[in-house]
Amino acid sequence: MASIANDPGGRRRILFVDPNGDRKAVRLGKVSQRAAEGFKCRVEGLLECQLLKRPMEADLANWVSDLDASIAKRLAAVGLIAAPEEKGAVTLGPFLRSYITGRSDLKASTIAHLEDAERDLKEYFGADRPLIQITPGDADDFRLHLGKRLGDNTVRRKCGRAKQFFRAACRKRLIRENPFDEMKGLNVRENRERDFFVTREMTQAVLDACPNAEWRLLFALSRFGGLRCPSEHLALRLNDVDWARNRMIVRSPKTEHHEGKGSRIVPVFPELRPYLDAVYHSAPEGAEYFINRYRDPNCNLRTQLERIIAKAGLEPWPKLFANLRASRATELAAEFPAHVAASWLGH
């Protein structure tokens, strides 16, 4: 149904006769004999669809959709496929915004992280930069740019999210390669230099400096309960505490996507109980949660805690809330079996 013609200089053409009996040719340029053979088979498949008046099978349809624009135009010119639609170059800013707004399956905190990476990408490349113009070399330069002002793990996270964006663009056939695809070392590494144990003496000094009962409970839930702040603190309801059995239900938005990990039972430790008691007995009528004053998404607990620590006469430690939880984990691991302590902490 089709044949290969060899022209001077290694150029090749596919010759065929269309259903109307007209002789036609598709010029391929300089390609190998093997590539020309493969293309000839595809042309024969297209001719067969025309002769039998049947739609293309999935494999052939996918091949057509992946064709380079210039080759697609040549096939359209000889009547083998419909004329391809002219597509304007998709630019970075609109694509990133479209991707993020389309991810209704993600949590608000994950969306916030994606938007943070979106800002960095647009600031560096420009919102009007066509996606196809961003190369692997540009991706490497972007990583170096971030490294001038951010920590190593933060750079890894942001580049990982950039890789996620461009992977989606590849899947939508907007670009042929992901410029971040071959970038190595995007997994976050533990930085033990930022580990810090918050002693009981320091803990008491900060508790004494807290401005109200809810702030004392926020701090105590992190240091004595080992809860993740703020997600697990804000999810704690007044009826989650079983006072008679001295335990509470801790709901974890971070792990709820794992089967059976949406919540856990944690003891109401003796050090924690007074702070739970104080908020519970002073809660306004109709209140649902323990923490009510600090539920605003724009409430910066970290900045407020830094002020409280300074008021206590102490220097802020690295990873303020994470190290409170880690300090409690260290204590529990020294006193209880490892699997029990890990279960209480939701590891």
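**Strands, a helix face and a surface patch**

Reader: Which residue of β5 is the bridge partner of Asp242?
Author: Arg247 is the bridge partner of Asp242. Keep in mind that this is a predicted model.

Reader: How do you know that β4 and β5 count as paired strands?
Author: Pairing takes at least two bridges, and two bridges join β4 to β5 (residues 247–251).

Reader: What makes β4 and β6 edge strands?
Author: The open sheet has three strands, in the order β4-β5-β6, with antiparallel pairing. β4 (241–242) and β6 (263–267) each have a single partner strand, so one side of each lacks a neighbour in the sheet.

Reader: Why do you say the buried residues of α8 line one face?
Author: In α8 (residues 200–209), the buried ones are Met202, Thr203, Val206, Leu207 and Ala209. Looking down the helix axis, they fall within an arc of 160°, so they line one face. Glu201 and Asp208 are exposed, on the face turned away from that buried side.

Reader: What do the buried residues of α8 pack against?
Author: They pack against three helices: α9 (213–223), α11 (273–282) and α12 (301–311).

Reader: What makes Leu51 part of a nonpolar patch?
Author: Met1, Leu51 and Leu52 form the patch on the surface, with about 330 Å² of accessible area together.

Terms used:
Residues are numbered from 1 along each chain as its sequence is written. This is a predicted model: local features need pLDDT of at least 70, side-chain atom pairs count only at pLDDT 80 or more; totals for chains, interfaces and linings use all residues. Side-chain values use heavy atoms; hydrogens and water are left out. Buried means under 20% relative accessible area, exposed over 50%, partly exposed in between (1.4 Å probe, protein chains only). Helices (H or I, at least four residues) and strands (E, at least two) are DSSP runs, numbered from the N terminus. The arc is that of the directions from the helix axis to the C-beta atoms. Contact means heavy atoms within 4.5 Å. Patches are made of residues with over 30% relative accessible area and no salt bridge: like charges are joined within 9 Å, nonpolar side chains (Val, Leu, Ile, Met, Phe, Trp, Tyr) within 5 Å. Accessible areas come from the Shrake-Rupley method with a 1.4 Å probe; for residues, only the protein chains shown count as cover. A salt bridge is a side-chain nitrogen of Lys or Arg within 4 Å of a carboxyl oxygen of Asp or Glu.
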